[in-house]
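Trainee: Could we go through this structure together, one step at a time? I would like to see how each answer is reached.

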Amino acid sequence: MNEEIIAASQPTGDPGVDALVELAAQAGQLPVGDHKELYATVLVGLESELNADPSAALKGVSP
């Protein structure tokens, strides 16, 4: 089942978010006791990505 979920995930186009999704996908390979810490790390990272200034990511990008 994990392979199906991983195979079904598509890149978001945001490197930071994609890295966090990849990190979350590792939960299936960890002992259950380590899941809480992993998910907490992912959630903090996603919150940081959501709060980031989007214009900073666009600097230097031509239309």
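Trainee: Does L46 count as buried, partly exposed or exposed?

Mentor: We are looking at a predicted model, and the place of L46 in it is in helix α3. A residue is buried under 20% relative accessible area and exposed over 50%, with partly exposed in between. Because the relative accessibility of L46 is 27%, L46 counts as partly exposed.

Trainee: How are α2 and α3 oriented to each other?

Mentor: Helix α2 covers residues 15–25 and helix α3 covers residues 35–51, and their axes come within 10 Å and cross at roughly 170°. In α2, G16, V17, L20, L23 and A24 meet L38, Y39, T41, V42, G45, L46 and E49 in α3, and the residues of this contact divide into eight nonpolar, three polar and one charged. Since an angle over 145 degrees counts as roughly antiparallel, the two helices α2 and α3 are therefore roughly antiparallel.

Trainee: Which residue has its backbone oxygen 2.7 Å from a polar atom of the side chain of H35?

Mentor: H35, whose place is also in helix α3, is buried, because its relative accessible area is 18%. Not counting residues up to four places away in sequence, H35 touches A27 and L30. The backbone oxygen lying 2.7 Å from a polar atom of the H35 side chain belongs to A27.

Key:
Residues are numbered from 1 along each chain as its sequence is written. This is a predicted model: local features need pLDDT of at least 70, side-chain atom pairs count only at pLDDT 80 or more; totals for chains, interfaces and linings use all residues. Side-chain values use heavy atoms; hydrogens and water are left out. Axes are lines fitted to C-alpha atoms, for helices over the stretch in contact, and angles run from 0 to 180 degrees between N-to-C directions. Helices (H or I, at least four residues) and strands (E, at least two) are DSSP runs, numbered from the N terminus. Angles under 35 degrees count as roughly parallel, over 145 as roughly antiparallel, 65 to 115 as roughly perpendicular and the rest as oblique. Contact means heavy atoms within 4.5 Å. Ala, Val, Leu, Ile, Met, Phe, Trp, Tyr, Cys and Pro count as nonpolar, Asp, Glu, Lys and Arg as charged, and the others, Gly among them, as polar. Buried means under 20% relative accessible area, exposed over 50%, partly exposed in between (1.4 Å probe, protein chains only). A polar contact is a pair of N or O atoms within 3.5 Å; within protein, one must be able to donate a hydrogen and the other to accept it, and residues adjacent in sequence count only if both atoms are side-chain atoms.
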